[in-house]
Amino acid sequence: MTEPLIDVRNMEISFAHGFVKAVRGVSFQLGREKLGIVGESGSGKSTVGRAIMRLLPPTAKVTADRMTFKGTDILAASEKQMMDIRGKQIGLILQDPKYSLNPVMRVGEQIAETYRLHYPKAGKKAAEKKVLEMLEAVKIRDPQRVFRLYPHEVSGGMGQRIMIAMMLIAEPEVLIADEPTSALDVTVRLDVLALLDELIARRNLGLIFISHDLNLIRKFCDRVLIMYAGRVVEVLKASELDNAQHPYTQGLLASLPSIENPPARLPTLTRDPSWLTQPTIGVPS
Ligand SMILES: Nc1ncnc2c1ncn2[C@@H]1O[C@H](COP(=O)(O)OP(=O)(O)OP(=O)(O)O)[C@@H](O)[C@H]1O
């Protein structure tokens, strides 16, 4: 088997002053595929994504038997190595571009600055040309005009395309998208997802897609990790979700609203303490 892009084994994360561990015994490998991480609020999805980028605050204590990006030990890497991995090799797309873009800098200049950070030898003109190409690649009409806009002048959907352009311009091999479309309207959301899908396939990237929306993950991803209380309780192909074994996964599926057969009442999920200790379903032992 070829080396995975990301290999995580037995990751544990706790925060100073936290009562319980935020992440417990999480293991997974990412290849050139779309891997969804789904779970309710507080289940630890975002914490896993940030730990891989080593972006957690100093109050977080992260341990793992193995945590590598293309063989590089993320926990042992120097800050200089991490600066190279972050952005250039692993891109992070967050929910709301408003908080990720600098409000007082034109969007084109921000993307160009990102490019030159990763490719310091690139001249100003070459960087601008690359930005315009990238804006076109994310299907922004009239890239010349958009280049000169400030973040407050762009809509949510356009902002997310700009973020995608900014993350892809350094040509990373992995993208971590944390609720990338949650702030968007349904139709814009579908457009942005279709765009992401196309870019990931064309560039043969690995994607970690973090979301609480099982319906979305099911349509968009190849494989799904189901997280509950800091643990991965089940791993399965998205196409096999209907055959999920874990009662939590089954509960999540049963609570999805259906237009065809709307239930009189949505079921409530009964949680079993044994879920906190059982081995992950779907992982060959
Ligand atoms: N900086 C922090 N300091 C202390 N505790 C934290 C911090 N960040 C996360 N946590 C805790 O870690 C646990 C997991 O949080 P995390 O944000 O990863 O969950 P999540 O599944 O991504 O939820 P959401 O969908 O709401 O973002 C929670 O109990 C949370 O309170």
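**Notebook: strand β9 and its surroundings**

I began at Asp178, which stands opposite Ile210 in β9. From β8 the chain passes through helix α8 (residues 186–203) to β9, and this β-α-β crossover is right-handed. I noted the terms: helices (H or I, at least four residues) and strands (E, at least two) are DSSP runs, numbered from the N terminus. A crossover counts as right-handed if, with the strands pointing away from the viewer, the path from the first strand over the helix to the second runs clockwise.

Two reminders for myself. This is a predicted model, in which local features need pLDDT of at least 70, side-chain atom pairs count only at pLDDT 80 or more, and totals for chains, interfaces and linings use all residues. Residues are numbered from 1 along each chain as its sequence is written.

**Neighbours of β9**

Next I looked at who pairs with β9; two strands pair if DSSP finds at least two bridges between them. Strand β8 (residues 174–178) pairs with β9 in the parallel sense over five bridges. Strand β3 (residues 34–38) also runs parallel to β9, joined to it by five bridges. Val38 has Ser211 in β9 as its bridge partner.

Is β9 mostly covered or open? I found six of its six residues (206–211) buried; a residue is buried if 20 or more other C-beta atoms lie within 10 Å of its own, exposed if 12 or fewer, and partly exposed in between, with C-beta atoms placed from the backbone. Gly206, Ile208 and Ile210 point one way from the strand, while Leu207, Phe209 and Ser211 point the other way.

**The whole sheet**

I then followed the sheet across: six strands form an open sheet in the order β7-β8-β9-β3-β10-β11, with mixed pairing. Its edge strands are β7 (90–93) and β11 (231–237), each pairing on one side only. On average, neighbouring strands are turned by 15 degrees against each other, direction ignored. Helix α1 (residues 45–53) packs on the sheet, touching β3, β7, β8, β9 and β10, and its direction makes about 145 degrees with that of β8. For such angles, axes are lines fitted to C-alpha atoms, for helices over the stretch in contact, and the values run from 0 to 180 degrees between N-to-C directions.

At the β11 end, six bridges join β11 to β10 (residues 223–228), and the two run antiparallel. There, Arg223 stands opposite Lys237.

**The nonpolar core**

A nonpolar core is a set of buried Ala, Val, Leu, Ile, Met, Phe, Trp, Tyr and Cys residues joined through C-beta atoms within 7 Å. The largest has 73 residues, and those touching the most other members are Met11, Ile111, Ala165, Leu175, Phe209 and Ile226. Helix α7 (residues 156–168) gives the most to this core, with eight residues.

I picked Ala165 and, leaving aside its neighbours within four places in sequence, found it in contact with Ile111, Met134, Leu135, Ala137 and Val138. Contact here requires C-beta atoms, placed from the backbone, within 7 Å.

**A loop residue**

Arg32 is in the loop between β2 (23–30) and β3. Why is Arg32 partly exposed? It has that label because 17 other C-beta atoms lie within 10 Å. Beyond neighbours within four places, Arg32 is in contact with Leu5, Asn204, Leu205 and Gly206. The C-alpha atoms of Arg32 and Leu5 are separated by 7.4 Å, though the two are 27 residues apart along the chain.

**Last look**

I counted 10 helices and 11 strands in the protein chain. Buried residues make up 35% of its 285 residues.

Methods: Two residues are in contact if their C-beta atoms, placed from the backbone, lie within 7 Å.
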